[in-house]
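Me: I have a structure to go through and some questions about its details. Please answer each one step by step.

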Amino acid sequence: MKAAQRLVCIHGHFYQPPRENPWLQAIEVQDSAFPYHDWNERITAECYEPNAYARILDDKGKIVSIVSNYERISFNFGPTLLSWLAERCRRVYDLILLADKQSLLRFSGHGSALSQAYNHAILPLCNARDQRTQVVWGVRDFAARFGRLPEGMWLAETAVDVASLEALAKEGIRFTILAPHQAKAVRRRGESSYTDVSGGRIDTSMPYDVVLPSGRRIAVFFYDGQTSRAVAFERLLNQGDRLADRLLRGFHPGGDRPQLVHIATDGETYGHHHRYGEMALAFALRTIEQTDGVKLTNYGEFLALAPPTHEVEIVERTAWSCAHGVERWASDCGCNSGGNPGWHQRWRAPLRRALDLLRDRLAPLYEQATATLLHDPWAARDGYIDIILDGRKEQRERFLRTYTKRPLTEEETARLYQLLEMQRHLLLMYTSCAWFFDDISGVEPVQNLLYAARAIQLAQTALKVDLEPPFLDLLATAESNVAEVGNGRALYERQVRPRKVDLAKAFAHYAITSLFQRYEEPKSVYGYDVLVREQSAWRAGRVSLALGRAEVSTQVTRESADLSFAVLHFGDHNLVGGVIPTRGEDFLRELRKSLVEPFERADLPTVLRMIDRYFGNATYSLRELFRDDQRRILDELLRTTRAEVDEALRKIYDTHAPLLRFLTDLHAPLPPGLKTAAEQSLQTAILNQLAAPAPDFVEIRRLLDEVQRSGVKLDETALSFALSQLLTRLGDKVRASPDSAQCLAALLDAVQLATTPPYVVNLWRTQNTFYELQQTIYRDQVQRSQKSSTDTMRTIKWLRLFAQLGDKLAIRPPPGL
């Protein structure tokens, strides 16, 4: 069959900056992402998962199909985002990998997934060593996850120079994607002179070769800039047919060579930046597939079909999101979000200088420290990605056999891992988002400063060198636009330094939280292992005292210490604890004698004096707990208080409910106190019902009617989120017991509630469950209902409920059944 001459490719760059606390290797709760735990979780719910289950609607708004967009587009996911998805949203992660496997079948053996330079650093601003490691880590991370080598690689912000392309080509990357304004001049292969195409005038319908100084070549696709801009910023995603039409009008008339119309945007455009953008994308893809003479493709397939016939010179040190080259990540060039008129970005240059100081001062010290340990310290850093991907004992032993000159002692091994972790954080601190937005006080610059702080701390431990003073001197010149922040130094001292974690702080977290939860063996706190040697607790009414001793170690760097603790808890949010190195085998016995005896006499002042005497300034309270556990414990401590408040408000409301209804009927203003009591009482009752294992939907409707009659308003966001969680739980029950009419009826009740105004609940996850059942068990149930058996009536009831549920979920029944 003759190859199609007109082909379309849509590329999505799916990426989030690494957000993990460098010491905990976990993302702490981010209140700005409410009602989700953090922004990764929120954007997954708004974009990454919906694109795996994109809806296609008929002209009546009914769902006719649910498809994976990933199978039909070109895409890349940042390695650090994939790492988070693999751990926290495994289903979405697996669907992304599956989509790449499906695309291999769809696109002539060429997978749609591209790799990415590891943590989205701007490669033209990196030194040669960092460029290489960013590329090597990106390639190896991709291969470990997708089970194949990448053909292409996405460059952060499409930032490019010749050295960056050399780094890609050296690692076997065949192509990358750039913006049209990044092309300088082109020529046909074999010709000597170039034609100027600057200013975005390049023909984007074919790939080009860049001839590199090494003699290597790498292909470059220049995407359609105008259409990509319309998708991202001009509401082209408002309707899928408009997107399809715009793409189909992009072909040149005539011609005897294959033509490629292709766009590239942030993947988050489809669902996060533009609500329902994934649906517009799915509709456009289907429309294109159904258009005669046009075929969807990906870059690898098109490159095989139409190898480059022309060569291109690039405009070096340019990017897709900066009009001044790559200055957005280095200086006050004028590029910003536009959300804060009048703000400067003079802080960008000193922030980069401060980070460069760390990198450049620590590089020779790293080489010296590993001279007797490693064959090649930088090759070992490149290979450290294998440990990042798989930190199990076998992988660590393989790494040591490969890169060390000789067998290492335990102390040498621990020091080596500290140095490699130092290097990892020196790379992470260059994540591009720190410079992209408007002020150094933003969450992205603070995140990079956290990585820098971790690198400083590891250098202090492994190299006995303290670079924090000169680092802070440079940060002091990074002026913030926010008066309360001041400058980068003040920001670091207020928001970064207090979040540092050492072995003592990790053990203090364990000691305090162990009063509120039971730890399973082997005990661990985030990235720290706790081998308890002895632990005891005493109670006297609400007050408790705990003592203990443990060997505490980091799972990554193998640092360890023998530590002892004491915690005195007064029964509410007041507690004090201390952690210090264990002073000999009899130290805990000494602590017990000094603290337990006065505790059992109820002499708490003496206990406090003893804690102060033994632990001095090494004391901790709830304030020092890691954020998620701090919130959880405070929530537990507040449970009784909340119950008391809720009961008092409920009594006030019950007593005065008739008056509230009367005032509402008269359209008279409600007394603020009574209004608050009604809102809190009714909302608490509804939320409790929604969280119950078997909600009473009759009672919930009665409560909602009472809300209307009392003339009060509830927190619709909180109620909608609780309804979403209920739908997820009931949907999971239906998945587990698909034949159960009882489970189906409960889900139907919840959906009817969720579709009752004014509450707006996203039903797409429930729709996914229903659609899966419609494609599988529903057909079996239809056939079963047509046979005479003792289960016929039960099956008919199930089908009736299923039809009602489908109608409520706006899913069209399958044809022919």
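**Loops, helices and cavities**

Reply: Pro 522 lies in the loop between α19 (503-513) and β15 (524-525). The model is a predicted one.

Me: Which form does the peptide bond from Glu 521 to Pro 522 take, cis or trans?

Reply: Most peptide bonds are trans. The bond from Glu 521 to Pro 522 has omega near -10°. That bond is cis.

Me: What is omega for the cis peptide bond that joins Phe 34 and Pro 35?

Reply: Pro 35 sits in the loop between β1 (6-14) and α1 (39-48). A cis peptide bond joins Phe 34 to Pro 35, and its omega is about 10°.

Me: Is the phi of Tyr 526 positive or negative, and what is its value?

Reply: Tyr 526 belongs to the loop between β15 and β16 (528-540). Most residues other than glycine have a negative phi. Tyr 526 is not a glycine, yet its phi is positive, about 50°.

Me: How are helix α13 and helix α14 oriented to each other, roughly parallel or roughly perpendicular?

Reply: Two packed helices are described by the angle between their axes and the distance between the axes. The axes of α13 (residues 393-403) and α14 (residues 410-428) come within 13 Å and cross at roughly 90°. Angles of 65 to 115 degrees count as roughly perpendicular. Therefore α13 and α14 are roughly perpendicular.

Me: How are α24 and α26 oriented, roughly parallel or roughly antiparallel?

Reply: Helix α24 (residues 697-710) packs with helix α26 (residues 741-754) at an angle of about 10°, and the axes are 11 Å apart. Angles under 35 degrees count as roughly parallel. So α24 and α26 are roughly parallel.

Me: Which residues of α24 make the contact with α26?

Reply: On the α26 side, the contact is made by Ala 746, Asp 749, Ala 750, Gln 752 and Leu 753. The residues of this contact divide into six nonpolar, one polar and two charged. On the α24 side they are Phe 697, Ile 700, Arg 701 and Leu 704.

Me: What is the volume of the second largest cavity?

Reply: Ile 686, Leu 690, Ile 700, Leu 704, Leu 719, Leu 723, Leu 753 and Tyr 759 line the second largest cavity. Helices α23 (672-691), α24 and α25 (716-736) each supply at least two residues of this lining. The lining has eight nonpolar residues, no polar and no charged. The volume of the second largest cavity is about 60 Å³.

Me: How much space lies in the largest cavity?

Reply: A search of the whole structure finds six cavities of 30 Å³ or more. Among the residues lining the largest one are Trp 23, Glu 421, His 425, Arg 454 and Tyr 528. That lining divides into four nonpolar, six polar and two charged residues. The space in the largest cavity is about 100 Å³.

Me: What separates Arg 632 and Asp 629 along helix α22?

Reply: The structure holds 55 salt bridges. In one of these, the side chains of Arg 632 and Asp 629 meet at 3.4 Å, N to O. The two residues are three apart in α22 (residues 627-665), so the separation is about one helical turn.

How values were computed. Residues are numbered from 1 along each chain as its sequence is written. This is a predicted model: local features need pLDDT of at least 70, side-chain atom pairs count only at pLDDT 80 or more; totals for chains, interfaces and linings use all residues. Side-chain values use heavy atoms; hydrogens and water are left out. Axes are lines fitted to C-alpha atoms, for helices over the stretch in contact, and angles run from 0 to 180 degrees between N-to-C directions. Helices (H or I, at least four residues) and strands (E, at least two) are DSSP runs, numbered from the N terminus. Angles under 35 degrees count as roughly parallel, over 145 as roughly antiparallel, 65 to 115 as roughly perpendicular and the rest as oblique. Contact means heavy atoms within 4.5 Å. Ala, Val, Leu, Ile, Met, Phe, Trp, Tyr, Cys and Pro count as nonpolar, Asp, Glu, Lys and Arg as charged, and the others, Gly among them, as polar. On a 1 Å grid over the protein atoms alone, a cavity is a set of points where a 1.4 Å probe fits but cannot get out, and a pocket is an open set with protein on both sides within 12 Å along at least five of seven lines; lining residues have an atom within 4 Å of a point. Grid points are joined across faces, edges and corners, and a volume is the space filled by probe spheres set on the points. A salt bridge is a side-chain nitrogen of Lys or Arg within 4 Å of a carboxyl oxygen of Asp or Glu.
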